[in-house]
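I opened the notebook to record what I looked up in this structure.

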Amino acid sequence: MTALQVLVVDGPAQARSRWRALLAQCEAPAATVAGEAADAVQAMESLGRRHFDLVLLDMCLPGVDGLVLARALRDRPRPHPVVLVSHRAEHAALAFDADVTDFLTWPVQPQRLQQALRKVQRLRDPAAPAPAAGADMLLIPQRDQVLRLPVPEVVYFRAEMKYLTVRTARHSYLLEGSLADLQARLAGQFLRVHRNALVALRCMRALQRAAAGQPQEDRWFLRLDGIQETVAVSRRQLPAVRAWFKEIG
């Protein structure tokens, strides 16, 4: 199977170099940087010269921003698959409204990037195995509608009685389901940090020790991007959390 040919569109040269390093780690499918662009103008020039399997596009570009470019690429006669990237998880809804293939947030984990590449591979090869239905979207019943919530907006899941609290940067929702099922479904994106909590890896900012006098089970906690509240880390899950922070340096 040939490697996916990727056009990386990101302003800073250092960021494009980081993408080359991340893509070099990917297998099944493999991917290679076949072109680079620092802004929307350069991207359109590259796309006019050749076809790419994927446009890896940062939302924050000089001049025309990445979201505008993604919408323009969607409307081309021969659309390119686009994976949109942002530092802010709350941009996920805007990204999916632009019909992008996937949405990633920094820091991008290799496993999550690999998952996005598999989506692109299935577009190139429709015979490739399909993912589980709704792998990147949660369906949350509301009073008079069903909310489609992109998984990249979720900061954590917490089990409470027979319900799950689904916490985003702006809202909390209730969902019936099993934390264990979500853990299996979202492996590589979320980490079990407590018997009742599953946290988005991209949102884990710092591991801290609680003040003296806290119960043994809750002596450690996580500070998370996007919200003020913290999440307790159990003694059992502490080694896995420490290992993740060590891995990302």
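**Ground rules.** I am reading a predicted model, where local features need pLDDT of at least 70, side-chain atom pairs count only at pLDDT 80 or more, and totals for chains, interfaces and linings use all residues. I number residues from 1 along each chain as its sequence is written, and side-chain values use heavy atoms, with hydrogens and water left out.

**Whole chain.** I counted 7 helices and 15 strands; these are DSSP runs numbered from the N terminus (helices H or I, at least four residues; strands E, at least two). The C-alpha atoms fill a box of roughly 65 × 45 × 35 Å along the principal axes. I looked up the radius of gyration, taken over C-alpha atoms, with a globule rule of 2.2 Å times the number of residues to the power 0.38. For 249 residues a compact globule would have a value near 18 Å, and the chain agrees with 19 Å.

**Helix pair.** I found α1 (residues 13-24) packed on α5 (residues 110-124) at about 80 degrees, with axes 10 Å apart. The two are therefore roughly perpendicular (65 to 115 degrees). Trp19, Leu22 and Leu23 of α1 meet Pro110, Leu113 and Leu117 of α5 (contact means heavy atoms within 4.5 Å).

**Cavity.** I searched the whole structure and got 1 cavity of 30 Å³ or more. On a 1 Å grid over the protein atoms alone, a cavity is where a 1.4 Å probe fits but cannot get out; a pocket is an open set with protein on both sides within 12 Å along at least five of seven lines; lining residues have an atom within 4 Å of a point. The largest cavity has a volume of about 140 Å³. Strand β5 (residues 102-105) gives the most to its lining, with 3 residues. Among the lining residues I noted Phe103, Arg112 and Leu201.

How much space lies in the largest pocket? I read about 370 Å³. Of its 20 lining residues, Ala89, Glu90, Glu153, Thr168 and Ala169 are the closest to its centre.

Key:
Axes are lines fitted to C-alpha atoms, for helices over the stretch in contact, and angles run from 0 to 180 degrees between N-to-C directions. Angles under 35 degrees count as roughly parallel, over 145 as roughly antiparallel, 65 to 115 as roughly perpendicular and the rest as oblique. Grid points are joined across faces, edges and corners, and a volume is the space filled by probe spheres set on the points.
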